[in-house]
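Open the model in your viewer and keep the selection panel at hand.

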Amino acid sequence: MKEISCKLLVIGAGPGGYISAIRAGQLGVDTVIVEAGKPGGTCLNVGCIPSKALIHAAEEFEKVSHMAGGNSPLGISVTAPVLDLARTVAWKDGIVSRLNSGVAGLLKKAGVKTVHGWATFRDGKTVAVETETGVQVIRAEAIVIATGSAPVELPFLPFGGPVISSTEALALSEVPKKLAVVGGGYIGLELGIAFAKMGAEVTVVEALPRVLAQYDAELTRPVVKRLTALGIEVMLGAKAKGTKGDALLVETADGKNTKVAADKILVTVGRKPVTEGWGLEQIDLDMAGKFIRIDDQCRTSMRGIFAIGDVTGEPMLAHRAMAQGEMVAEIVAGHKRSWDKRSIPAVCFTDPELVTAGLSPEEAKAHGGEIKIGMFPFAANGRAMTRLGEDGFVRVVARADNHLVLGIQVVGQGVSELAAAFGLALEMGARLEDIAGTIHAHPTQGEGFQEAALKALGHALHI
């Protein structure tokens, strides 16, 4: 097979990779993208999109289940619902398929050549791709490594049989009667809550003193309260040790050994960068621990090689990878660009949802200087009341001297959509007065953002 030459080669068609390739194509850069699986990467195929589909189905099923009891405050009464998970998964797969086709179409429209196969570096300018028809050699002036991440596997709980990762959890044909979740981070709780709503008996095993440890305790309190309401058992300070029969072996916080009955054991203890299998040893890249080291333009230590997304470290978020991919494409096209982000919002799709942008109160204090904090509870928000979602609050963190907003956090029902407003406020350098003086539509939960700013200024109007 003859050699292909191009200006830009993108390895991996996940959110970062395909955005980089599309933008490069739009700018007239001769671009090739290599992907072994379907376009969209983990996020589209076995992560963000399918998990949110499953979470939505679980929410709808739970709503109808409560109405079946005849105790709905909305006055709605229905017969007991039945969930056909195989049909739910087929619906989810349909969404994924449509988005796969959409990404492929966008790449084609931008003039990007797609090569299906596994790429391996031969040197800093050349890769060999194992395709169905043989080996394709590609030589490029610039290369973007966008190989993403994969679930971490525990040596004493290898994936297989009843032990599953999030990938398998999103493709189950029936709801497990008993589900053990190892890891109380956002992936474990998102899926654990969803399966609990669908009728599974869920036990979460977390080695740390509390779940969602990356968030402050005040912010996660409504989620912990909801776990109890859903009947989810949470074992804190507990360590999974292995399996025996149909049970997970656990060492409890007091050092005792116990068994947790489980049809399925979902291991969600984090993700690791995919740095093996594509010839990293053939090129000389500086590493930052297990991640590829990059500068503020996503350049690696080798000239002409960039790296973006999960393979470069935290935060492992699709929208971070997308922004990096777009930037790199413009740099390759000759534009002046650098990475200058005040905020990368993060969303946890638990029930209730969590959104964080910028600094938490503790992080802001650690940076030095006095701060102001404004908090507004959804219990005082009309729209939240009408949605039966009064648990939670909006919190704004700002400098005390000039009122520059440093961080925004929210926990509540359906608050993920507020992430855009939070990110925009931080990127534009908003002060408390800017947010307080912006007219927010009524009745919406977004009013809580304005009210939190007013509270920090000392003159809240609705509390």
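Select R337, which counts as partly exposed at 27% relative accessibility (buried is under 20% relative accessible area, exposed over 50%, partly exposed in between; 1.4 Å probe, protein chains only). This is a predicted model, in which local features need pLDDT of at least 70, side-chain atom pairs count only at pLDDT 80 or more, and totals for chains, interfaces and linings use all residues. Residues are numbered from 1 along each chain as its sequence is written, and side-chain values use heavy atoms, with hydrogens and water left out.

A salt bridge here is a side-chain nitrogen of Lys or Arg within 4 Å of a carboxyl oxygen of Asp or Glu. E330 is buried, at 9% relative accessible area.

Next, select D401 and R399, joined by a salt bridge of 2.6 Å, N to O. D401 is exposed at 57%, while R399 is partly exposed at 33%.

Move to E60 and K63, another salt bridge, at 3.5 Å, N to O. They lie three residues apart in helix 3, about one helical turn (helices are DSSP runs of H or I, at least four residues, and strands are runs of E, at least two, numbered from the N terminus).

Then select E62, K197, R226 and D351, which a network of salt bridges links.

Finish on helix 4, residues 85-109. Its buried residues include L85, V96 and L107. Just after helix 4, G111 has a positive phi of about 80°.

Definitions and conventions:
The expected span of a helix is 1.5 Å times one less than its number of residues.
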